[in-house]
Amino acid sequence: MVYLTRIEHFNAAHKLYNPDWTPEKNEEVFGRCANANWHGHNFELYVTIKGKPDPDTGFIFDAKKLGALVQEHITDKLDHRNLNVDVDFMRGKMCSIENLVVAIWNELEPRLPAYAKLHCLKLVETAKIYVEYYGEA
Amino acid sequence: MNKKVAVYRKEHFNAAHRLFNPAWDEATNSKVFGKCALPNYHGHNYELDVKLTGVPNADTGYVMDLKELSELIKKEILDRFDHRNLNLDTVEFRNLNPTAENIAIVIYSLLRPHLPEQLDLQVRLYETPRNFVEYPADDKS
């Protein structure tokens, strides 16, 4: 079994804000991340698949095709967008990177071929903050 | 002999913005600025390198105490721009398109009055790891 990682990136705005709470409570819990007019990041997405290299190609799954798949279904929908407002698969969810990485998994996993299993998604928000998700409930 | 030394302090801030010229219609903005003109904003992790050039002080050996420079950048730049929407939340970009070029010029203008006159200031601003600008440009022409 070999693990292959493809890195893609997107730049987006978001805010951490729970509409069921008062502005004061949001400020208390989320601090500056609750700023009403959003802020933003350069996000990096590491997509790791696992599989056995095909004897004819030597590939688990063509990394260029993996990149195109991630772009079509994920980063084209996120890049230069507002995560709270513009993204269908984040509607009604809190826009934390925890929730975003799970939502990306749910969008991407069914679109991969059976021989290239999604192993891990790593989503980097800043140089100091990232999350990893392995599809565990 | 030239004893000038350049010292640098790196800081960063996260902000939302969009590129938009209000004198143009939507179609022209979209044509010129592409996805950067999308109405609901996007954002970046901005990385800021502040460069000071001068002769080290004879008593301290410092061009400038970098802790003091850090505190100045925090007060004048980060407190103003971090976790903000540059278009909506700042007076500096109310009537100025917040391109990396313009942000660098604004940062220079905010810092310059607080720094010793004999030190040269240059600002390098990374909008993404691949796109960055410098002001003033090295070319003096």
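Modeller: Two strands are said to pair if DSSP finds at least two bridges between them. Helices (H or I, at least four residues) and strands (E, at least two) are DSSP runs, numbered from the N terminus. This is a predicted model, in which local features need pLDDT of at least 70 and side-chain atom pairs count only at pLDDT 80 or more, while totals for chains, interfaces and linings use all residues. Residues are numbered from 1 along each chain as its sequence is written, chains are lettered from A and ligands numbered from 1 in the order in which they are written, and side-chain values use heavy atoms, with hydrogens and water left out.

Biologist: How many bridges join E2(B) to strand E4 of chain B?
Modeller: Strands of a sheet pair through backbone hydrogen bonds, either parallel or antiparallel. E2(B) and strand E4 (residues 120–126) run antiparallel. Among their bridge partners are B:Thr53 and B:Asp120, the latter in E4(B). The number of bridges joining the two strands is seven.

Biologist: Which strands of chain B stand at the edges of the sheet?
Modeller: The open sheet of chain B has five strands in the order E3-E1-E2-E4-E5, with mixed pairing. Each edge strand has a single partner strand, so one side of each is left without a neighbour in the sheet. The edge strands are E3 (84–85) and E5 (132–135).

Biologist: What angle does the direction of helix H4 of chain B make with that of E4(B)?
Modeller: Axes are lines fitted to C-alpha atoms, for helices over the stretch in contact, and angles run from 0 to 180 degrees between N-to-C directions; contact means heavy atoms within 4.5 Å. H2(B) packs on the sheet, touching E1, E2 and E3 of chain B, at about 20° to E1(B). Helix H4 (residues 100–111) also packs on the sheet, touching E1, E2, E4 and E5 of chain B, and its angle to E4(B) is about 145°.

Biologist: What is the order of the strands in the sheet of chain A?
Modeller: Chain A has three helices and five strands, which run β-α-β-α-β-α-β-β from the N terminus on. Seven bridges join the antiparallel E2(A) and E4(A), and A:Val47 has A:Leu121 of E4(A) as its bridge partner. The five strands form an open sheet of mixed pairing, in the order E3-E1-E2-E4-E5.

Biologist: At roughly what angle do the axes of H2(A) and H3(A) cross?
Modeller: Two packed helices are described by the angle between their axes and the distance between the axes. The contact is made by residues including A:Leu69, A:Val70 and A:Ile74 of H2(A) and A:Leu100 and A:Ile104 of H3(A). The axes come within 10 Å and cross at roughly 140°.

Biologist: Which residues are the closest to the centre of the largest pocket?
Modeller: On a 1 Å grid over the protein atoms alone, a cavity is a set of points where a 1.4 Å probe fits but cannot get out, and a pocket is an open set with protein on both sides within 12 Å along at least five of seven lines; lining residues have an atom within 4 Å of a point. Grid points are joined across faces, edges and corners, and a volume is the space filled by probe spheres set on the points. The largest pocket holds about 610 Å³ of space. Of its 32 lining residues, the closest to the centre are A:Thr126, A:Ala127, B:His12, B:Asn14 and B:Asn45.

Biologist: Which element gives the most to the lining of the largest pocket?
Modeller: Elements of both chains give two or more residues to this lining, among them strand E1 (2–14) of chain A and helix H2 (66–81) of chain B. The largest contribution is five residues, and it comes from E2(A).

Biologist: Which residues does the cis peptide bond join?
Modeller: Most residues other than glycine have a negative phi, and most peptide bonds are trans. A:Trp38, in the loop between helix H1 (23–30) and E2 of chain A, has a positive phi of about 75° although it is not a glycine. In chain B, the segment after E5 contains B:Pro136. The cis bond has an omega of about -5° and joins B:Tyr135 and B:Pro136.
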